[in-house]
Amino acid sequence: MSNNQKDASLKEKFKQALNSTYKVISDNIEINEKIENNKISKKFNFLEFENLNSKSDFIKARAETDSSALKKKFSNEDIYKKNLPANTSSKSLYSLAEKIRYESLGSKMLKGINKNFEENYNQIIDLKRKDQLKTKEDVPVIEAFELYMLKNFLNIKLNNLSEKILSIWENDFKNSLDKHIIFLKKNLENQEIYNSKFSKLLQDMEVFDSNDDENQNDNQEENKQDNNQNNDNDNNPNGDQEKNKQEEDQIGMDG
C-alpha cells in the first residue's frame, strides 16, 4: 500500500471516529446515512478532511466536532434568538459566550472533551502574533473577549502575549462581568438565565454604547449633509428664475 493510500485510509478512519463521537455526544444516534456515504463534510461543514495534514489539524478537527455536537445537545436556538442583544456590537460577543457555555458543560461531562478543547485553544493561543499592542484599536474586542472567556470559564492558561492582548480590554470586562461570573457559572445548565443575563450585561457595557452612539452620529451627520444638498438643489430653480427675470428686465431697459 502506498503512502497516499495509507493517508486516505487513516483519514477515512478518523472521519468515522468523528462521526461516532458526534452521534454519542449530541445524542443523535439516528444519524443520516448520507454521512456514512463519504459525505460527513456536509454535516460538519467546518471541516475539510482532505486538508488534514498535521497534528494541529487533527486537534482542531476533534475540538470543532465536539463543539458542534455540544451545541446540538445543549443549545436551544429559540432561547438563543429570544435573548439576542439589540445592540449590534454585542451580538458577536453574545454568540461567543453561548459557545463557551456549552463547551464548558461538555468539558465537565467528559475528560476527553476537556482535553480536546484545552489542546486546541492552547495551540490557537500559541499561534497568536501581534506587532503592536498599545491601544484598543490594536486589538479587536472579540479577540480579547474570547481570551477572557477561556481564562474565566474554561480555565485555559494564557501565555504572556495572550495576557497582554487581554489586558487592553480587561478592565472593561472586569467592571461589567467579574461580579457576575459566579452567577453565570452556576447557571451554565440553564440557557435561558445564562443567555438573558449575558445579553443584558453586554448591552450595558459603556464601550459598546459609545461605539453605537458614534455610528448613529455618523449616520445622522451623513443624512444631514444629504438633506442640505437636496435643499440646495431645490432652491436652485428659484435662483435661476430670479436671475432670468433680472436679465429680462435689463434687456427691456436697454430696448
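Colleague: Before we start, what should I know about the model and the numbering?
Modeller: It is a predicted model, where local features need pLDDT of at least 70, side-chain atom pairs count only at pLDDT 80 or more, and totals for chains, interfaces and linings use all residues. Residues are numbered from 1 along each chain as its sequence is written, and side-chain values use heavy atoms, with hydrogens and water left out.

Colleague: Thanks! How far apart are the end C-alpha atoms of H8?
Modeller: They are only 22 Å apart, although helix H8 covers residues 160-177 and has 18 residues. A straight helix would reach 26 Å, taking the expected span as 1.5 Å times one less than the number of residues. Helices here are DSSP runs of H or I with at least four residues, numbered from the N terminus.

Colleague: And where does H8 bend?
Modeller: At Trp 169, by about 60 degrees. The bend is the angle between axes fitted to the seven residues ending at a position and the seven starting there.

Colleague: Which residues of H8 are buried?
Modeller: Ser 162, Ile 165, Leu 166, Ile 168, Trp 169, Glu 170, Phe 173, Ser 176 and Leu 177. Buried means under 20% relative accessible area, exposed means over 50%, and partly exposed is in between, using a 1.4 Å probe and protein chains only.

Colleague: Switching to the core, how many residues does the largest nonpolar one have?
Modeller: It has 43 residues, and Phe 145, Met 149, Phe 173 and Phe 198 have the most contacts inside it. Its largest share, 8 residues, comes from H7. Such a core is a set of buried Ala, Val, Leu, Ile, Met, Phe, Trp, Tyr and Cys residues joined through side-chain atoms within 4.5 Å.

Colleague: Back to Phe 173, what is it in contact with?
Modeller: Leaving aside neighbours within four places in sequence, Phe 173 is in contact with Val 141, Ala 144, Phe 145, Tyr 148, Leu 166, Asp 178 and Met 205. Contact means heavy atoms within 4.5 Å.

Colleague: Nice. How many aromatic pairs does the structure hold?
Modeller: There are 9. Rings of Phe, Tyr and Trp (its six-membered ring) pair if their centres lie within 6.5 Å; planes under 30 degrees apart count as stacked, over 60 as edge-to-face and the rest as tilted. Phe 145 and Tyr 148 are a stacked pair, 6.5 Å centre to centre with 20 degrees between the planes. Because they are 3 residues apart in helix H7, about one helical turn separates them.

Colleague: What about Tyr 148 and Phe 173?
Modeller: Those two form a tilted pair, with centres 5.3 Å apart and 50 degrees between the planes. Their pairing links distant parts of the chain, since Tyr 148 is in helix H7 and Phe 173 is in helix H8, 25 residues apart. Both are buried.

Colleague: Which residues form the aromatic cluster?
Modeller: Phe 145, Tyr 148, Phe 153, Phe 173, Tyr 194 and Phe 198.

Colleague: Which ring does the charged end of Lys 185 sit over?
Modeller: The ring of Phe 153, 5.9 Å from its centre. The rule is NZ of Lys or CZ of Arg within 6 Å of the ring centre and within 35 degrees of the ring normal. Lys 197 sits over the ring of Phe 183, with its charged end 5.7 Å from the centre.

Colleague: Last one: is Gln 191 buried or exposed?
Modeller: Gln 191 counts as buried because its relative accessibility is 6%. Gln 191 lies in helix H10 and, not counting residues up to four places away in sequence, touches residues including Phe 74, Tyr 80, Glu 98 and Arg 101.

Definitions and conventions
Helices (H or I, at least four residues) and strands (E, at least two) are DSSP runs, numbered from the N terminus.
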